[in-house]
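Subject: Structure for you to look at

Hello,

I am handing over the structure we talked about, and below it you will find my notes on what was found. Please read them with the model open beside you.

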Amino acid sequence: MTDPAPSSADAAAANPAPADTTGAEHFDVAVIGTGSGNTFLDERYAHLKVALLEEGVFGGTCLNVGCIPTKMFVYAADVAETVRGAARYGVDAHVDGVRRADMVGRVFGRIDPISEGGRTYRVEDCDNVTVFEGHARFVAPRTLDTGTGSIITADQVVLATGSRPVIPDAIARSGVDYLTNEDAMRLEATPEHVLIVGTGFIAAEFAHIFSGLGSRVSIIGRSGRMLRHLDDEISAHFTGLAAQRWDLHLSSPVRSAQRRADGTGAEVELDDGTLLSGDALLVAVGRAPNADLIGAAAGGIDLTADGRVQVDEYQRTTADGVFALGDVCSPHQLKHVANHEARVVGDNLLAERAAGGRPAELRAADHRFVPSAVFTHPQIAAVGLTEAQARAQHANVTVKVQRYADVAYGWAMEDDEGLCKVIADRDTGALLGGHIIGAQASTLIQPLIQALSFGLGAAEMAHGQYWIHPALTEVVENALLGLDL
């Protein structure tokens, strides 16, 4: 069970005593967090004295409990679903069983050594890097309690402390055992019935993983739709598909939770009075930035109203010499955003040092067209504005929805679920947004990301290049050709 509550040390950081820095070791750069924060410390930093602080497992959320292991399980679920649906193509096949322990071994037998190798590399092979393995927090500007019994100071500090699962009060105070993304994948037996609390990215992906690998899934949500942050049409379409696969209980959050009478699993009561019983309870309502656990006030660091570290376009915080990247400051909470911000921070740290106190020429982060994908069944990907956002911001909008079933490869796949939706400004021809739900949506979205990023108009994009026939990318081509421009 994950305990999201701040430690007593974290609580004390809100009102720290004056720091005694006598004898504190000084560093050129201190980085808190070894996810994306560990990616920019390359050969450019070899001449600098660097402190790397980590209280958990090296590699961060994505490597250990997020993007990478989940997609390895997603792919296994995809394979199982493909086998179950093979009859539509005239192929007789069935799933004989799921060797969950073997899956766990395949995934973490690969990931755990990468994490440990990253730690070994920094501890043993980087002479300029000192690793502190404890909970780091500010006790004064650019002064850190390392959590290992020592205080350090640094010219520059980078916050890359990520985020943690949010646990609803009704579950947190119940004492019931629950899972989050941080431990659900380590289960070596497949639960017969999984209760999933949440309707967002994490909930949708784990629903596919568990159901694809043989579990019954019930989804419990405060929202009336799955993935409500997406374009309304896409969200509604996915909710309809999800209702055919999973037991949905929407618009009715958890009122209370307890262990079942036999001491296993969980029973939950919903606001509408419904009682549900499951072998496992997975909480997937979102993630909170770890900005409240770093002693921000002592470090002179302001937070936003929603609890993130406040940064400017150069990833600088409100404290001189302190930068931040990734989930601790970003509203996107996406690994590709954290990696981009890490590259920006890596460049800007060096630029500030080279400027020697003079105004530095800094690189701004580019958050104009941030794409996202949900690796559920079917996949979903999006970039740019939703239709509602586009109509609110532009006077003359044109929209086209192209079904997978109406292009040749969609026929080959017998796909009656997938669709591609594109949105453009009719007056200028500018592409405003793209939304895809269906097979390989996370790949098919890329041409639309490129078009938005490089200012390629919708008509120019559709007519100005070859689109391979009969590839599935024709669903994007035909959607663009169908715009009323």
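A salt bridge is counted here when a side-chain nitrogen of Lys or Arg lies within 4 Å of a carboxyl oxygen of Asp or Glu. Please keep in mind that this is a predicted model, in which local features need pLDDT of at least 70 and side-chain atom pairs count only at pLDDT 80 or more, while totals for chains, interfaces and linings use all residues. Residues are numbered from 1 along each chain as its sequence is written, and side-chain values use heavy atoms, with hydrogens and water left out.

By the salt-bridge rule, the count comes to 31. Asp231, Glu233, Glu387, Arg391 and Lys421 are joined in a network of such bridges.

Another salt bridge joins Asp484 and Arg426 at 3.5 Å, N to O. Here too distant parts of the chain are linked, with Asp484 in the segment after H14 and Arg426 in the loop between S20 and S21, 58 residues apart. Asp484 is partly exposed at 46%, and Arg426 is partly exposed at 30%.

Turning to the helices, H4 (residues 100-125) has 26 residues and reaches 36 Å from its first C-alpha to its last, which is close to the 38 Å expected at 1.5 Å a residue, where the expected span is 1.5 Å times one less than the number of residues. H4 bends by about 30° at Phe108, the bend being the angle between axes fitted to the seven residues ending there and the seven starting there. Phe108 is also one of the buried residues of H4, which include Met103, Val107 and Ile111.

In helix H12 (residues 446-453), the buried residues include Pro447, Leu448 and Ile449. The buried residues of H12 pack against several elements, among them strand S20 (419-425) and helix H14 (474-481), where contact means heavy atoms within 4.5 Å. After H12 comes Gly455, whose phi is positive, near 70°.

Best wishes

Terms used
Helix = DSSP H or I, 4+ residues; strand = E, 2+ residues; numbered from the N terminus. Buried < 20%, exposed > 50% of the residue type's maximum accessible area, 1.4 Å probe, protein only.
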